[in-house]
Amino acid sequence: MDLFGICAAVKGSVQVYFQAARRTGRTTALLESLKVGDRVICLSERECRRLRTLAAERRIDGVEFIPSPPEKHQLLFQLCTPQGRTIFDHS
């Protein structure tokens with residue numbers, strides 16, 4: 001129960017932040033920082049496909065894109081040790 005409307009205010013603030021953060025170059029910066037052997041953890045398979053496509057357009061090879069929804073975070077512990085860095089995408 002939210003008697004004071006705090007939940008609505010927080011939701012509104014989060015929406016404003018995410019809309020303001022669009023088109024700021026975060027994805028471009030992520031892709032430019034990738035090196036062979038790196039692994040990128042995404043929230044969904046859809047986001048993985050999008051990043052794979054963008055990486056292929058930029059001729060970035062040897063990077064693994066792995067979907068890992070928060071409710072299945074234990075799957076990350078079953079992965080082998082990467083050759084490079086493990087990076088969580090900005091979403």
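This is a short chat about a predicted model of one protein chain.

Trainee: What is the mean pLDDT of the protein chain?

Mentor: The mean is 84. Of the residues, 91% reach 70 or more.

Trainee: And where is confidence lowest, and where highest?

Mentor: Helix 1, residues 6–20, is lowest, at a mean of 84. Helix 3 is highest, at 93.

Trainee: Why care about low values?

Mentor: Where pLDDT is low, predicted coordinates should not be read in detail.

Trainee: On to the sheet. How many strands, and in what order?

Mentor: There are 3 strands, in the order 2-1-3. The sheet is open and the pairing is parallel. Strand 2 (64–67) and strand 3 (86–88) stand at the edges with a single partner strand each, so one side of each lacks a neighbour in the sheet. The twist averages 25 degrees from one strand to the next.

Trainee: How many bridges join strand 1 to strand 3?

Mentor: 3 bridges join them. Strand 1 covers residues 39–42, and the two run parallel.

Trainee: Which residue stands opposite Arg39?

Mentor: Thr86 in strand 3.

Trainee: Which helix packs on that sheet?

Mentor: Helix 3, residues 45–57. Helix 3 touches strand 1 and strand 2. Its direction makes about 165 degrees with that of strand 2.

Trainee: Switching to helix 2 and helix 3. What angle do they pack at?

Mentor: About 60 degrees, with the axes 11 Å apart. Helix 2 spans residues 26–33. The two helices are therefore oblique to each other.

Trainee: Is their crossing left-handed or right-handed?

Mentor: The crossing of helix 2 and helix 3 is right-handed.

Trainee: Which residues meet there?

Mentor: From helix 2, Thr27, Leu30 and Leu31. They meet Arg50, Leu51, Leu54 and Ala55 in helix 3. By class, that contact has 5 nonpolar, 1 polar and 1 charged residues.

Terms used:
Residues are numbered from 1 along each chain as its sequence is written. This is a predicted model: local features need pLDDT of at least 70, side-chain atom pairs count only at pLDDT 80 or more; totals for chains, interfaces and linings use all residues. Side-chain values use heavy atoms; hydrogens and water are left out. Two strands pair if DSSP finds at least two bridges between them. Helices (H or I, at least four residues) and strands (E, at least two) are DSSP runs, numbered from the N terminus. Axes are lines fitted to C-alpha atoms, for helices over the stretch in contact, and angles run from 0 to 180 degrees between N-to-C directions. Contact means heavy atoms within 4.5 Å. Angles under 35 degrees count as roughly parallel, over 145 as roughly antiparallel, 65 to 115 as roughly perpendicular and the rest as oblique. A crossing is left-handed if the near helix is turned anticlockwise from the far one by less than a right angle, and right-handed if clockwise. Ala, Val, Leu, Ile, Met, Phe, Trp, Tyr, Cys and Pro count as nonpolar, Asp, Glu, Lys and Arg as charged, and the others, Gly among them, as polar. pLDDT is the predictor's confidence in each residue, from 0 to 100.
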